[in-house]
Amino acid sequence: MIALRRYDEAIQFCQQQLAASPRCVTFRLLRAQALFALGDRENAVAELQRCLRIDPTCQAARTLLDAVATVEEQLRQEKRAQGQEPRPRPDQPRQRREAAAPVPHEREVARPHREASRPTRE
């Protein structure tokens, strides 16, 4: 349905499927894609964050979060260029996007850095 640009139908279908299987990451990703395509970035991000709470290793959710952040940054730049949004003052820290941060998970185990195990070249 998403390929056919029938986003409202896709959202409705995903919601029906999620009612039966609320932890299904696939339907959450599809719903997020449809929401994003309709311009509902806020709900798309919320759905993607739910995906990452269910499966912190879900690269598709992280990729789509990055795409949402890119679109939001482009929109901010366009507004600035049109004089609709003030530029941040140099003394104010830039707001960081929380969605890109890794989602903590109780089963996550600390892994050693790969750099430490590589032999050094001289």
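Arg41, Val45, Leu48, Cys51 and Leu52 of helix 3 are in contact with Ala61, Arg62, Leu64, Leu65, Val68, Val71, Glu72 and Leu75 of helix 4. By class, this contact of helix 3 with helix 4 holds 10 nonpolar residues, no polar ones and three charged ones. The model is a predicted one, and the values below are computed from it.

**Overall make-up**

The chain contains five helices and zero strands. Read from the N terminus, its elements follow the order α-α-α-α-α. The chain has 122 residues, of which 26% count as buried. Among contacts in the chain with a separation of 6 or more, 49% are made by residues 24 or more positions apart.

**Helix pairs**

| Pair | Axis distance | Angle | Crossing |
|---|---|---|---|
| Helix 1 and helix 2 | within 9 Å | roughly 155° | left-handed |
| Helix 2 and helix 3 | 8 Å | about 165° | left-handed |
| Helix 3 and helix 4 | within 9 Å | roughly 155° | left-handed |

The axes of helix 3 and helix 4 cross at roughly 155°. Angles over 145 degrees count as roughly antiparallel, and helix 3 is therefore roughly antiparallel to helix 4.

Helix 1 covers residues 7–20 and helix 2 covers residues 25–37; their axes cross at roughly 155°. That angle makes helix 1 roughly antiparallel to helix 2. On the helix 1 side, the contact is formed by Tyr7, Ala10, Ile11, Phe13, Cys14, Gln15, Gln17 and Leu18, and on the helix 2 side by Phe27, Arg28, Leu30, Arg31, Ala34, Leu35 and Ala37. The contact of helix 1 with helix 2 divides into 11 nonpolar, two polar and two charged residues.

Helix 2 packs against helix 3 at an angle of about 165°, and the two are therefore roughly antiparallel to each other. From helix 2, the residues in contact are Val25, Arg28, Leu29, Arg31, Ala32, Leu35 and Phe36; from helix 3, they are Arg41, Asn43, Ala44, Glu47, Leu48, Arg50, Cys51 and Ile54. In the contact of helix 2 with helix 3, nine residues are nonpolar, one is polar and five are charged.

**Helix 2**

Helix 2 is 13 residues in length and reaches 18 Å from its first C-alpha to its last, close to the 18 Å expected at 1.5 Å a residue. Its buried residues are Val25, Phe27, Arg28, Leu29, Arg31, Ala32, Ala34 and Leu35. The cover over these buried residues includes helix 1, helix 3 (41–54) and helix 4 (59–81). After helix 2 comes Gly39, with a positive phi near 90°.

Leu35 lies in helix 2. Its relative accessibility is 7%, so Leu35 counts as buried. Apart from its neighbours within four places in sequence, Leu35 contacts Ile11, Asp40, Asn43 and Ala44. Among these, Ile11 belongs to the helix 1 side of the contact with helix 2, while Asn43 and Ala44 belong to the helix 3 side of the contact with helix 2. Between Leu35 and Glu47 the C-alpha to C-alpha distance is 9.1 Å, and the two are 12 residues apart in sequence.

**Helix 3**

Ile54 is part of helix 3. With a relative accessibility of 17%, Ile54 counts as buried because the cut-off is under 20%. Ile54 and Cys24 are 30 residues apart in sequence, and their C-alpha atoms are 8.4 Å apart in space.

**Helix 4**

The 23 residues of helix 4 should span 33 Å at 1.5 Å a residue, which agrees with the 33 Å between its end C-alpha atoms. Ala61, Arg62, Leu64, Leu65, Val68, Ala69 and Arg80 are the buried residues of helix 4. Helix 2 and helix 3 are included in what covers them. Gly83 follows helix 4 and has a positive phi, near 80°.

Notes
Residues are numbered from 1 along each chain as its sequence is written. This is a predicted model: local features need pLDDT of at least 70, side-chain atom pairs count only at pLDDT 80 or more; totals for chains, interfaces and linings use all residues. Side-chain values use heavy atoms; hydrogens and water are left out. Axes are lines fitted to C-alpha atoms, for helices over the stretch in contact, and angles run from 0 to 180 degrees between N-to-C directions. Helices (H or I, at least four residues) and strands (E, at least two) are DSSP runs, numbered from the N terminus. Angles under 35 degrees count as roughly parallel, over 145 as roughly antiparallel, 65 to 115 as roughly perpendicular and the rest as oblique. A crossing is left-handed if the near helix is turned anticlockwise from the far one by less than a right angle, and right-handed if clockwise. Contact means heavy atoms within 4.5 Å. Ala, Val, Leu, Ile, Met, Phe, Trp, Tyr, Cys and Pro count as nonpolar, Asp, Glu, Lys and Arg as charged, and the others, Gly among them, as polar. The expected span of a helix is 1.5 Å times one less than its number of residues. Buried means under 20% relative accessible area, exposed over 50%, partly exposed in between (1.4 Å probe, protein chains only).
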